[in-house]
Amino acid sequence: IAVVIADPAKAAERIGLLSRQMQRDGHGYHHFYGDGQGEFTKHCDDPLWLILAVDEYLKETGDFAVLDRIESFLDGSPGTILDHLLAVVDFAQTNVGKHGLPVFGRGDWNDTLDYIGGADGGESVWGGMFYAAMLDRLASLLEFRGGPAATHLDKVRAVRDAFRKSVEKNAWDGDWYIRAIGENDRRIGSAENAFGKIFINA
């Protein structure tokens with residue numbers, strides 16, 4: 001993201017590279033080496049960062065033609081950068097637990113919470129907030145672009161709003177939001193916890 005100011009061509013190249021590390025269903029590599037070789041780790045936030053990267057690139061450059069650039073998915077099928085962004089929406093819509101929040105999986109942005117979901121998978125409150133924020137960015141992008149891109153607006157907004165509602169319904173702890181739901185519905189970042197009561201990014 002930072003390089004786009006000094007070298008927008010390099011940023012566009014990296015957007016293409018990141019897009020090629022994604023499956024048609026929106027799952028992306030957590031680590032990759034080379035191009036098309038990597039590791040799926042089930043971190044809940046990996047695909048969503050593509051929205052942030054593309055959105056920041058467009059705000060700095062106005063180069064909306066990048067959305068029509070063709071890049072292959074990992075399964076070999078071609079798609080535009082916009083198709084890759086919409087695949088992220090599909091990922092977000094399906095990667096949810098019983099509380100309507102993202103399945104924590106192996107982890108999210110906070111590596112110290114890796115594996116807290118145990119066999120249940122857990123759910124990430126920060127992830128729900130992040131999903132909503134990124135989907136809001138994508139909705140604004142689609143609205144600004146208009147035309148055929150805007151036909152996806154209703155779906156993106158609906159998925160975004162579902163995460164907003166799930167966060168409000170399941171994560172408010174009375175004075176702050178909890179950070180996650182761990183194995184067996186254990187609340188992480190709650191006033192009821194002896195330690196780790198408050199996480200500042202939730």
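## Basis of the values

Residues are numbered from 1 along each chain as its sequence is written, and side-chain values use heavy atoms, with hydrogens and water left out. The model is predicted: local features need pLDDT of at least 70 and side-chain atom pairs count only at pLDDT 80 or more, while totals for chains, interfaces and linings use all residues.

## Positive phi in two loops

Most residues other than glycine have a negative phi. K42, which is not a glycine, has a positive phi near 70°. K42 belongs to the loop between β2 (38–39) and α2 (49–61); helices (H or I, at least four residues) and strands (E, at least two) are DSSP runs numbered from the N terminus. The relative accessible area of K42 is 70%, so this residue is exposed (over 50%; buried is under 20%, partly exposed in between; 1.4 Å probe, protein chains only).

Y115 likewise has a positive phi, about 70°, and sits in the loop between α3 (81–94) and β5 (123–124). With a relative accessible area of 53%, Y115 is exposed.

## Packing of α2 and α4

Helix α4 (residues 125–145) packs with α2 at an angle of about 35°, the axes being 9 Å apart. Axes are lines fitted to C-alpha atoms, for helices over the stretch in contact, and angles run from 0 to 180 degrees between N-to-C directions.

Contact (heavy atoms within 4.5 Å) involves W49, I51, L52, V54, D55, E56, L58 and K59 of α2, and W126, F130, M134, R137, L138 and L141 of α4. These residues comprise 10 nonpolar, no polar and 4 charged (Ala, Val, Leu, Ile, Met, Phe, Trp, Tyr, Cys and Pro count as nonpolar, Asp, Glu, Lys and Arg as charged, and the others, Gly among them, as polar).
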